[in-house]
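Please read these notes alongside the model.

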Amino acid sequence: MFEAKLSEGVILKKIVDSIKDIVTDVNIDISPNGISLQAMDSSHVALVSLNLSMEGFEHYRADSNMVLGVSIANLAKVMKLADNSDAITLSADQDATHLKIVFENAKNERTTEFNLNLITIDSEHLAIPETEYQSVVTINSNEYSKICKELFSLSETVQVTTTPDYVMFAVEGEVGSGSVKLGQNEGNQQADQTVLEVTEPVSQQFALRYLNMFNKAASISNFTRLCLHQEQPLVVEFKIENLGVLKYFLAPKISDE
Amino acid sequence: MFEAKLSEGVILKKIVDSIKDIVTDVNIDISPNGISLQAMDSSHVALVSLNLSMEGFEHYRADSNMVLGVSIANLAKVMKLADNSDAITLSADQDATHLKIVFENAKNERTTEFNLNLITIDSEHLAIPETEYQSVVTINSNEYSKICKELFSLSETVQVTTTPDYVMFAVEGEVGSGSVKLGQNEGNQQADQTVLEVTEPVSQQFALRYLNMFNKAASISNFTRLCLHQEQPLVVEFKIENLGVLKYFLAPKISDE
Amino acid sequence: MFEAKLSEGVILKKIVDSIKDIVTDVNIDISPNGISLQAMDSSHVALVSLNLSMEGFEHYRADSNMVLGVSIANLAKVMKLADNSDAITLSADQDATHLKIVFENAKNERTTEFNLNLITIDSEHLAIPETEYQSVVTINSNEYSKICKELFSLSETVQVTTTPDYVMFAVEGEVGSGSVKLGQNEGNQQADQTVLEVTEPVSQQFALRYLNMFNKAASISNFTRLCLHQEQPLVVEFKIENLGVLKYFLAPKISDE
């Protein structure tokens, strides 16, 4: 038996919205400690990993491990029934054929229930090795989103370079060549801060198409963390306050073309 | 001779906008008592009925009955010339070949005139029988619109069920099954109120496609009234303050498929 | 050597945005006195003319005349990298192969640089004769934009008529016929003013398609000036405060069809 209630249901709405363009069908892993999922995007280039701790829920109970196969597109449609102020409760029986989703809104005595059909998905769980990242950059999510979006109209690939003083996003293409450089910066307001933790400079190229897809998650966290290592995939990390973390993994492009 | 002036012209703009996706060409009936129209949608499933009382107009004069055949699409284009703060005057001669529409805006000395060409439309007037409805539900228009819109992404059909305690909108489809339940509710704020007047419970199925089309009219009234009778078409009613009422009639679906 | 810095970079963004749908490749003329460009639209019906005075720049230096051939579409993409609060610096070497564009934002220590590739464009410079216009009409840009936009759904052509008392925009088509008349008007607020300077009444027809394209520039100026002469093309003028002027020239349509 599984049951989890989140008073701020809007967070779950945003999470589903963030990943629905990247993954289609996905196994949600329920454990006594929390909810997690891991899935490759359809072209098997990027990996999404979500972890929600049981402690972030108002109420959480999972008697044993369970796997719930879900169509994210369908889940997203159901989530749209929720108001941003609704509390959301998820539940399932042990031999579940559906995931029960309940939205409650005290304000106008509205209760929405949905039994989402579950599906069977073959999937392997990838072990993600623990990595000491050489450079970790924390940027305002909206600012970082805007940079990736506008650079994509100029080039398919971005070169991300870190130094102790700045992080640089550079493009080169038909139109010309250019870069956006963000300096270490305490900012006047915390929201504008860019924080660089660089033990080793890194310079790698990534497909902007994927970075832009990841940035759908900008709405769940004010800050985006980029974790870089010259020999490892990039991790783009969105902290979900009091609840967990959403991570995207993306392998670097080897050559420019 | 017909002439009618409405100081709050924006209301007329919204009415035309509400019906322009449902009906194409329509006869507008002018009488000494007011303006009315009645039209089937192009697939002959739904009926639109509008009644505007002469008392709601700043100035109203109609010497005798007249029928003005109008392309609603064209009327909507002309209405777009009006500012929301414009007063609107409609007029026509007895043997009218066009409807004269004048928009006036004192603020910036702008006057817009348009002579809309009239057309000849064959149409029969349906007599709508007076019905004692078994259930009448009054819901905040925006909330009801949102429910219909989101349910449509999950199913083509909605089952509407009333009881003395709640009204329920249920769907069933490939994705799963679910329902939105709204309880009788005085609400903290009047805008959130759901009012149920149920003398006899009703349960009927309707095509969400049509309910969604009707909801274009949500902008003309804060509340939507659903009038239900087990043996009768649904009436979706939007009161137009001090001026009249816009009603949509929709026959229930007999079987689920 | 050329270098020009504009602290309010947003103005340059808006100018590029205003003209990018009308002209494709264009020669930008740099002189010690300022920046200018002149270009026909792709169908050779309308002419765009931009003049920016060196005095409007925070810093301006041009040792001699230069011609910079630029793809406006690409320039627009680069401009999107700028925040509205960024300062913009343009620079080029004498034998330039690219235009260097730098955006600076003190707030969060972001610096964006782009080297836009230049192109070679054959173009002739048209001499625009000085004209004493018979009628000059100054209208609120948003109001004038709205009029042109809505009339376009009713007709392809608008008849513009000036008298000492009003300016009239008239259309005639399948839907019917009508007009918007704006009277000389001091307005309650300056923004609503319509100012007529009519030494000779003018009545000419213009293609609304072009007037609507010009109105992209409404964002750079609160007022649009229409300069009319019965024997001359229309000039639609947008003043750019402290910096210069953007003008569009459009020949009248001779017959109604």
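1. In this predicted model, the residue of chain A that comes closest to the rotation axis is A:Ser219, with its C-alpha at 17 Å.

2. The axis in question comes from superposing chain A on chain B. A rotation of 120° with a shift of 0.1 Å along the axis does this, at an RMSD of 0.0 Å. The two copies are thus related as by a three-fold rotation axis.

3. How many salt bridges does a search of the whole structure find? Over all chains, the count is 31. As background, side chains of opposite charge can pair when their charged atoms come close. The points below take up some of the pairs.

4. B:Asp17 pairs with B:Lys20 in a salt bridge, and their closest N and O atoms are 3.3 Å apart. B:Asp17 has a relative accessibility of 36% and counts as partly exposed. B:Lys20 is also partly exposed, at 31%.

5. In chain B, the side chains of B:Arg110 and B:Asp83 form a salt bridge with an N to O distance of 3.7 Å. This pair links distant parts of the chain, 27 residues apart: B:Arg110 belongs to strand 9 (residues 110-117), while B:Asp83 sits in the loop between helix 2 (72-79) and strand 7 (87-92).

6. Are the two partners in chain B buried or exposed? B:Arg110 has a relative accessible area of 5% and is therefore buried, since buried means under 20%. B:Asp83, at 22% relative accessibility, counts as partly exposed.

7. Chain C has a salt bridge between the side chains of C:Arg110 and C:Asp83, at 3.7 Å from N to O. C:Arg110 counts as buried at 5% relative accessibility, whereas C:Asp83 is partly exposed, with a relative accessible area of 22%.

8. Which residues are joined into one network by salt bridges that share partners? From chain A these are A:Asp83, A:Asp86 and A:Arg110, and from chain B they are B:Glu143 and B:Lys146.

How values were computed. Residues numbered from 1 in each chain as written. Chains lettered and ligands numbered in written order. Predicted model: local features only at pLDDT ≥ 70, side-chain atom pairs only at ≥ 80, totals over all residues. Heavy atoms only, no water. Least-squares fit on C-alpha atoms with pLDDT ≥ 70 in both. Salt bridge = Lys/Arg side-chain N within 4 Å of Asp/Glu carboxyl O. Buried < 20%, exposed > 50% of the residue type's maximum accessible area, 1.4 Å probe, protein only. Helix = DSSP H or I, 4+ residues; strand = E, 2+ residues; numbered from the N terminus.
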